[in-house]
Amino acid sequence: MLDAKNHFTRPTKPEDFMADGKPAMPIVRANDTWRGYVKNSLAAVGNITADPEVMMPSITPFIMHTREVRGLRDFLTTKYDAALPQSLRKTGGTEFILYYAFIQHRFNDLYTDAPQPVRTLFTKWPQDPEIVKRYIEEVSDRNVPIFGLHRKRLPQLTDGQKDMIASMWHRHLLSPWENAEWFLQYD
């Protein structure tokens, strides 16, 4: 799954998203924003053994195992005796965290705890110009094939950051005659 803010920055292959033969997905600490969703999701699927202080991040790219997604769908629609959208609302969780809660006891069979191949400039994070520069450089110069750029972040970008992004895009995405500035406009 990809969010609309994410895009491929170069040709990729399935191995770009794998580690040790399984999809790469880090386990991270739940912060105050996510802790309630983790607790609600664990409760919704009856997982009483998982640590509510850890989770899979809720950012894309997010590789999901279709069989597990179907299992979660069937479990929730049966438990809440409602269609999936209503069942999801009743859980108090999110689709990504519910998925994690459902597969948590099998995580190591399905995923490798490894960084995701993406760097994202969210609406407000990161604000440190050095981190922003590093993220753009990591996508430009390293094995990170996906860049996330939230549209509400566009007016916050400096001219130098826009130039770096344009340079990155011109490597594989834009023809020399295309103006990257057009894609960096915010209305």
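**Note on the predicted model**

1. Leaving aside neighbours within four places in sequence, His7 touches Pro145, Ile146, Phe147, Trp169 and Leu173, where contact means heavy atoms within 4.5 Å. His7 itself sits in strand 1 (residues 6-8), strands being DSSP runs of E with at least two residues and helices runs of H or I with at least four, both numbered from the N terminus. The C-alpha atoms of His7 and Lys162 are 16 Å apart, although 155 residues separate the two along the chain.

2. As to the basis of these values, this is a predicted model, in which local features need pLDDT of at least 70 and side-chain atom pairs count only at pLDDT 80 or more, while totals for chains, interfaces and linings use all residues. Residues are numbered from 1 along each chain as its sequence is written, and side-chain values use heavy atoms, with hydrogens and water left out.

3. The protein chain contains seven helices and seven strands, and their order along the sequence is β-β-β-β-α-β-α-α-α-α-β-α-β-α. Its C-alpha trace spans about 55 × 35 × 30 Å along the principal axes. Of the contacts between residues at least 6 apart in sequence, 76% join residues at least 24 apart.

4. Glu68, which belongs to helix 2 (residues 66-80), deserves a separate look. Is Glu68 buried or exposed? Its relative accessible area is 13%, so Glu68 counts as buried, the term meaning under 20% relative accessible area, with exposed meaning over 50% and partly exposed in between (1.4 Å probe, protein chains only). Beyond its neighbours within four places in sequence, Glu68 is in contact with Tyr99, Phe102, Ile103, Arg106 and Leu110.

5. For the chain as a whole, 43% of the 187 residues are buried. The protein chain exposes about 10,700 Å², of which carbon and sulfur atoms supply 53%, the areas coming from the Shrake-Rupley method with a 1.4 Å probe.

6. The largest pocket holds about 460 Å³ of space; a pocket is an open set of points on a 1 Å grid over the protein atoms alone, where a 1.4 Å probe fits, with protein on both sides within 12 Å along at least five of seven lines, and lining residues have an atom within 4 Å of a point. Its lining comprises 16 residues, of which Trp34, Pro57, Ser58, Ile59 and Phe122 lie nearest the centre. Strand 4 (28-29) and helix 1 (32-44) are the elements that give two or more residues to this lining.

Definitions and conventions. Grid points are joined across faces, edges and corners, and a volume is the space filled by probe spheres set on the points.
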